[in-house]
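Hi,

Here is the structure I promised to pass on. Have a look at it first, and my notes follow below.

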Amino acid sequence: FFQGLAQYLGRFLCTLYCSSHTEPISISSTLHGCALDGSWALLDEVQSLGSLCMSWFNEYSNTIYQALRKKATGGSTAQLPDGKEISVNQNFNVLLTMNPFSSSSGGGGDEHNKSSHRAIIPVQLKSMYRVVALMEPDLELILRAKCIQCGIKASNIVAARLKTLFE
């Protein structure tokens, strides 16, 4: 979804696949580079980050977004937590994906051990982003509507048969 949207709007999308093994330096360098360039950063499965990475991401993104707010009112640079000072491009954006049902947090063992690797997403971080819920479309309903649009009389039967072709 995000790849198509970025391509449609002419933005470069840098995707970072998060896990319990993700290092804080990879998050900081991704955000640093995207903020300088004005690209979009996509952190996929952000709920599987460890608590250290989550706090690092929270601090970095908060600093960059504060600089963006200041830039809208007159322009300024961001003083990043690691001491670097950068000029943030107005086109910069961070997108997060979260899957609460995912069990791919790394680490072996039972479900209890897997969930212990995950960091709880801070309320401050949640308040910085808008929540959008996506669901899988009902292909048969869409095909039935297309069949009715084309004037097919037995649209229910044709849609069910077309669905089996597409699956």
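**Aromatic pairs and cores**

Tyr-65 and Phe-92 are both buried. Please keep in mind that this is a predicted model. The rings of these two residues have their centres 6.2 Å apart, and with planes at 45 degrees the pair is tilted. Tyr-65 belongs to helix 3, while Phe-92 sits in the loop between strand 4 (85–87) and strand 5 (93–96), so the pair ties together parts that are 27 residues apart in sequence.

How many aromatic pairs does a search of the whole structure find? The search gives 2. Besides the tilted one, there is a stacked pair formed by Trp-56 and Tyr-60, at 5.9 Å centre to centre and 25 degrees between the planes. Here both residues lie in helix 3 (residues 51–73), 4 residues apart, or about one turn of the helix.

In soluble globular proteins, nonpolar side chains tend to be buried together. The largest nonpolar core here has 28 residues, and the members touching the most others are Leu-31, Leu-43, Phe-57, Ile-64, Val-88, Phe-92 and Val-94. Which element gives the most to the core? That is helix 3, with 8 residues.

Neighbours within four places in sequence aside, Phe-57 is in contact with Ile-27, Leu-31, Leu-43, Val-94, Leu-96, Leu-125 and Tyr-129. Another core, of 6 residues, lies apart from the largest one and includes Phe-2, Ala-6, Trp-40 and Leu-95.

Finally, a word on helix 2. Its 14 residues reach 20 Å from the first C-alpha to the last, close to the 20 Å expected at 1.5 Å a residue. The buried residues of helix 2 are Pro-24, Ile-27, Ser-28, Thr-30, Leu-31, His-32, Cys-34 and Ala-35. Just after this helix comes Gly-38, with a positive phi of about 85 degrees.

Best wishes

Methods. Residues numbered from 1 in each chain as written. Predicted model: local features only at pLDDT ≥ 70, side-chain atom pairs only at ≥ 80, totals over all residues. Heavy atoms only, no water. Phe/Tyr/Trp six-rings, centres within 6.5 Å; stacked < 30°, edge-to-face > 60°. Helix = DSSP H or I, 4+ residues; strand = E, 2+ residues; numbered from the N terminus. Buried < 20%, exposed > 50% of the residue type's maximum accessible area, 1.4 Å probe, protein only. Core = buried A, V, L, I, M, F, W, Y, C linked by side-chain atoms within 4.5 Å. Contact = heavy atoms within 4.5 Å. Expected span 1.5 Å × (residues − 1).
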